[in-house]
Amino acid sequence: MEVSLLLEVKDLDSGYGFLQVLWGVSLHVDHGEFVCVIGPNGAGKSTIFKTICGLVPSAKGEILFKGRCINKLETNRICQRGLCYISEETNLFTGMTVLENLIMGGYTLKDKKKKKQLLDDVFSLFPRLEERRNQLAGTMSGGERKMLAIGRGIMSDPELLLVDEPSLGLAPVITLQVMRAMEVLRKNGMTLILVEQNVKKTLQITDRGYILEKGQIAMQGRSADLAQDEHVRKVFLGV
Amino acid sequence: MELLSKRPLVERIGYYLRSPVVLTILGTIGLLIAATLHSGSYILVNTVVTGGMWALMSMGLALVFGVMNIAHFAIGEMFMAGGLFSYFVITPLYDYLSLNPNETLAALAPILSILAGTIGGAMIGVLTEIFIFRPLRRRSREQWIMNTFILTLGISVVMINGHHLLFGSEFKGVVSYWPYQPITVLGTLISFDRAFVFVCSIVMMGGFWIFMKFTKIGQAIRAVSQDEKGALMVGVNLNTIQALTMALSCGLAALSGACLLFMFPSYPTVGVAPLYNAWFVVIVVGLGNVAGTIVGGFMVAMFQILTTVYIGEGWGLVFPSLIIIVILIFKPSGLFGTAVRGILDQ
């Protein structure tokens with residue numbers, strides 16, 4: 001029996017210490033979908049990702065990945081199962097080169113040929129990274145770091161990628177490159193969830209979206225429909 | 001201004017020669033050669049032998065401090081444990097050998113006992129990680145460095161008194177590991193044991209570098225030290241890596257203790273001086289800087305020996321302490337630097 005839903009989040013409560021950030025959040029992602037979670041600053045978008053991947057413990061609710069509960073699992077075990085989180089702060093290994101970072105990305109893989117192939121995929125997706133393969137990650141520009149973070153995430157051969165605000169602080173040209181890379185990933189079969197503040201572009205490239213406001217899902221639906229919705233247009237698109 | 005890599009070779013050499021690291025190293029070597037020519041080659045020999053071991057101990061300390069942020073004040077006791085385990089392996093072997101002389105066994109016995117010392121120390125390290133530091137990590141990350149400092153002081157007290165209770169406070173040592181004649185190097189007689197210690201330290205330093213740079217575990221350890229969250233996100237098992245780092249650090253300290261058993265017999269407080277030496281080196285070189293401890297180990301050993309020879313036996317610890325005070329005032333990030341910035345290098 002095939003489990004159709006790749007990721008299911010049911011009624012999730014989460015937060016930091018005494019500060020509750022998420023209140024009963026529910027969402028789901030199917031194989032091959034490109035879903036986004038958008039909302040104002042501080043709504044809790046990053047917290048959803050951090051809770052799913054185990055960096056923040058959940059207080060209540062269930063997180064099912066490929067049908068199995070991953071609530072109490074550690075981040076590294078979740079990565080081994082095929083769920084990769086790419087943080088907004090990138091969390092790169094600043095003292096290592098681009099190549100070393102990418103190789104570390106493939107830490108959980110046993111197959112050498114697969115690793116080599118993934119490395120080639122990353123380099124063809126981001127030719128800039130190949131040019132600077134021996135440069136220290138700590139000396140790279142913001143856009144290059146985001147590319148490297150995404151590349152490192154791809155190296156773990158994930159089934160689901162959680163990308164946290166890839167365009168934050170980037171020049172529009174670089175943002176376009178990063179978004180285009182995600183479209184390519186999607187076309188090659190990767191399932192993606194995107195958290196973003198750049199609402200217009202995000203709704204253009206994704207299939208479905210969730211609007212998160214004050215820790216709760218305020219709205220959800222197909223991205224095309226959301227882009228036409230009055231509330232969304234007024235609050236996020238300034239129309 | 002053009003990139004340095006595009007300038008002619010002579011200019012590049014000149015640039016590197018002016019860097020503080022290279023100047024310090026050259027200055028140290030110069031001082032060492034001058035003192036040797038003046039007072040005799042035993043200065044060079046002793047510096048190189050003890051310096052190698054201090055370098056290994058400091059590498060272990062810098063590793064555990066850089067990767068796990070543990071201010072370890074019990075690695076002196078790991079040094080003691082290394083010597084102790086080695087003693088308890090070599091003594092029965094010697095008893096056996098005195099009744100049944102055997103060339104190969106006589107050559108292998110010291111290696112076995114040093115290995116036993118190293119592994120014993122590493123295991124104690126892993127036990128402390130599993131039963132002391134892991135529960136602390138789960139409980140709270142606040143005031144981590146201070147907490148680990150106090151905890152390791154406690155471990156130190158337990159180990160020192162444990163040794164005293166279980167094994168007594170007599171000096172447990174060996175006159176020499178190997179029964180061979182001293183070898184002649186550059187006109188000086190060096191005992192085989194000392195020569196072995198030197199070779200061992202060079203091999204271990206090289207092995208350590210290769211391990212950290214090229215093996216998967218070594219890269220994982222470096223990754224954890226640079227970004228713990230990032231390491232988690234790529235699938236590194238933090239518990240395993242932390243246990244391995246601790247084993248490596250305590251193993252290096254225990255190795256020094258085991259190798260130097262002929263110089264430092266094992267007794268409860270034998271680890272105090274090596275502890276201070278290791279911390280001297282780590283502070284002088286820069287907290288968390290592992291590569292620099294190699295040079296730093298030799299430097300501190302040299303200063304101690306020069307002080308003992310030229311100023312007096314009891315002044316051995318004074319001079320390094322003075323140097324540390326000066327460095328902490330003017331360059332707290334250490335000679336070779338870390339992230340800590342001082343008042344004068346803003």
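**Briefing: helix packing, core, sheet and interface**

The crossing of helix 3 and helix 7 of chain B is left-handed, a term used when the near helix is turned anticlockwise from the far one by less than a right angle, right-handed being clockwise. The model is predicted: local features need pLDDT of at least 70, side-chain atom pairs count only at pLDDT 80 or more, and totals for chains, interfaces and linings use all residues. Residues are numbered from 1 along each chain as its sequence is written, while chains are lettered from A and ligands numbered from 1 in the order in which they are written. Helices (H or I, at least four residues) and strands (E, at least two) are DSSP runs, numbered from the N terminus.

**Helix pair in chain B**
- Helix 3 and helix 7 (residues 192-214) of chain B pack at an angle of about 35 degrees, and their axes are 9 Å apart; axes are lines fitted to C-alpha atoms, for helices over the stretch in contact, and angles run from 0 to 180 degrees between N-to-C directions.
- Among the residues that meet are B:Val45, B:Gly52 and B:Met59 of helix 3, and B:Arg194, B:Ser201 and B:Phe208 of helix 7.
- By class, this contact has 13 nonpolar, two polar and one charged residues (Ala, Val, Leu, Ile, Met, Phe, Trp, Tyr, Cys and Pro count as nonpolar, Asp, Glu, Lys and Arg as charged, and the others, Gly among them, as polar).

**Nonpolar core**
- The largest nonpolar core has 163 residues, of which A:Leu162, B:Met57, B:Ile75 and B:Val282 touch the most other members.
- Such a core is a set of buried Ala, Val, Leu, Ile, Met, Phe, Trp, Tyr and Cys residues joined through C-beta atoms within 7 Å; buried denotes 20 or more other C-beta atoms within 10 Å of the residue's own, with C-beta atoms placed from the backbone.
- Helix 3 (residues 41-68) of chain B gives the largest share of this core, 18 residues.

**Sheet in chain A**
- Six strands form an open sheet in the order 6-7-8-3-9-10, with mixed pairing; two strands pair if DSSP finds at least two bridges between them.
- Strand 6 (83-86) and strand 10 (216-222) of chain A are at the edges, each with a single partner strand, so one side of each is left without a neighbour in the sheet.
- Strand 7 (residues 160-164) and strand 8 (residues 191-196) of chain A pair in the parallel sense over five bridges.
- A:Leu162 has A:Ile193 in strand 8 as its bridge partner.

**Interface**
- In chain B, 14 residues are in contact with 20 residues of chain A (C-beta atoms, placed from the backbone, within 7 Å).
- Helix 8 of chain B provides the largest share of the side of chain B that touches chain A, five residues.

How values were computed. A residue is buried if 20 or more other C-beta atoms lie within 10 Å of its own, exposed if 12 or fewer, and partly exposed in between; C-beta atoms are placed from the backbone. Two residues are in contact if their C-beta atoms, placed from the backbone, lie within 7 Å.
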